[in-house]
Protein chains: 2
Amino acid sequence: MESVSVLKPYVIGLDLGGTNSVFGIVDSRGDIKATTTIKTQGYEKVEDYVAASVDALKLIIDQVGGIDTIKAMGIGAPNGNFYNGTIEFAPNLSWGHNGVVPLAQMFSDKLGIPVALTNDANAAAIGEMTYGVARGMKNFIIITLGTGVGSGIVVNGQLVYGSDGFAGELGHVTMRREHGRSCGCGRNGCLEAYCSATGVARTARELLETTSEPSLLRDLKLEDITSLDVSIAAGKGDELAKRVYEMTGEMLGEACADFAAFSSPEAFIFFGGLTKAGDLLMKPLKESYDKHVLKIFKDKAKFLISGLDGSSAAVLGASAIGWDI
Amino acid sequence: MESVSVLKPYVIGLDLGGTNSVFGIVDSRGDIKATTTIKTQGYEKVEDYVAASVDALKLIIDQVGGIDTIKAMGIGAPNGNFYNGTIEFAPNLSWGHNGVVPLAQMFSDKLGIPVALTNDANAAAIGEMTYGVARGMKNFIIITLGTGVGSGIVVNGQLVYGSDGFAGELGHVTMRREHGRSCGCGRNGCLEAYCSATGVARTARELLETTSEPSLLRDLKLEDITSLDVSIAAGKGDELAKRVYEMTGEMLGEACADFAAFSSPEAFIFFGGLTKAGDLLMKPLKESYDKHVLKIFKDKAKFLISGLDGSSAAVLGASAIGWDI
């Protein structure tokens, strides 16, 4: 990598989200040299999306010295499959929900550089390993707490893709086998149904409906309450809102105790909006982990919050895949 | 490996059990050329155990042509740590329950060959990969159904040892978070408390106590019922006994559905006494897996029973570690 990175000092990262597609040109230290954004959804056909992306990219590629300075491109995308470089049946993408899109190949053909693709959580894991708090770690699990709950698992210094490229769906382990909440995946009781941003809002609504405890959240319309509202209320000392984070942390701790029995990671790294709650979430999480984990693993794993800058973390994560192609 | 195995065609395997220590000298095809056994527990000090082992080994080493024909030795042992070659606080070993025993180094010093050590389930996984049904597989999980429930996880062709050498304790993921059965590990609701041989006997006793359903098992003293009794009764068509295996298989299927979300293995391989129940266990297991697994993993994983000969499987598994040193 060293000699190549001197000749070609940059990689492109694409954080392909349901709304925006954010591109960044990144150096080996994780500094973003140039960035641009297009709407993800403005295109009916994937060919149009790629063409618009390449047009936008050309401007920033020129800014850093042309395509010859770019080693490769990495894409973090929902339902991204590393093995095939495809996006498969992504429910939130107008041009990608209905089949298998060979997006890595399409970008590679247009740009003339290697392109790799994986899902957002795996990209985050590689980002942490390349530029973040997981530098030097060989065994860790990153858990992304956003609209959903995602995960990227690193074992022996390698990302776990499994037999089909889709390993690491820890948001969909079953935490409540009886009377579990319905999950977007069509099953019940998944971790994601409780510990995502959406899950936090659901927990708040449940507490508001089933108790008469006073809360700042009662000033809001029940169905409009978001995790951000819960976070703001908790920040103001609202007891009910604080308990929502406590319950969320407790379940995440229970889940991590099971994950330890799997790969005994050196660290659990949390990433995404919910981590802004800080100790409100992390303290009950660690306490619950200590209570539930097998004795042999006690006091071994670290609990960390992502060290990557929030707004650019996803682009950095995607770009990091580019160094390994 | 090829050229070395021509010069040194054998490895020693040691299946170190709570009662017996079984040694085998094995060739690269998994044929056991010579075997010997000593009692594990007849020794107060580990030095005496190793000395007795080496005395017994010398006889069979001579049979195959002397120590120069032996490439290495592999040990499968309870609480074995691959990273350090140690047995750590093994509750069932009189000379090993109270500390950290550097067993691999001790054998290596006496025999003058490299020695590696891991726990029994990991040894079984390497055995399947080397000689058994997992040959050529890069991602699989072996689940050992014996007195306890153990596991060995292979990802990208490598065994998952985790940050401390103790990864792969899938017998201790929590399957029942409320009113879970007490487990030998001091926690409640573990997979092992339900799906081990002991767990099967407990399930039978629970059904006998909480129903008045007729069963051949009612002829036995409740507290004496073992998994073997349940298996014999089920073989005779006893409905209650058959339901015990059904319930066991159902929970294993639920557990495997969660494991798929972790490493998306190509196959789940089952090993140990309970697998003798065959379809009685495997049919409900597969049905339950299909019902519980995330859609993206459906119909992908194979469900296999270990291909290694039962009586020698543990020795073969242990020996297989020797090829990779």
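1. Chain A and chain B bury about 3,400 Å² between them, of which 55% lies on carbon and sulfur atoms; buried area is the accessible area (1.4 Å probe) that two parts lose on being put together, summed over both. R177(A), F262(A) and L294(A) supply 23% of the area that chain A buries against chain B, more than any other three residues.

2. This is a predicted model, in which local features need pLDDT of at least 70 and side-chain atom pairs count only at pLDDT 80 or more, while totals for chains, interfaces and linings use all residues. Residues are numbered from 1 along each chain as its sequence is written, chains are lettered from A in the order in which they are written, and side-chain values use heavy atoms, with hydrogens and water left out.

3. The contact (heavy atoms within 4.5 Å) takes 40 residues from chain A and 40 residues from chain B.

4. Chain A can be laid on chain B with an RMSD of 0.1 Å by a turn of 180° and a shift of 0.0 Å along the axis, the copies being superposed by least squares on the C-alpha atoms of residues with pLDDT of at least 70 in both. That is the relation of a two-fold axis. The same surface serves both copies, since 100% of the contact residues of chain A recur in chain B.

5. Across the interface of chain A and chain B there are 6 salt bridges (a side-chain nitrogen of Lys or Arg within 4 Å of a carboxyl oxygen of Asp or Glu). R177(B) forms a salt bridge with D258(A), with the closest N and O atoms 2.9 Å apart.
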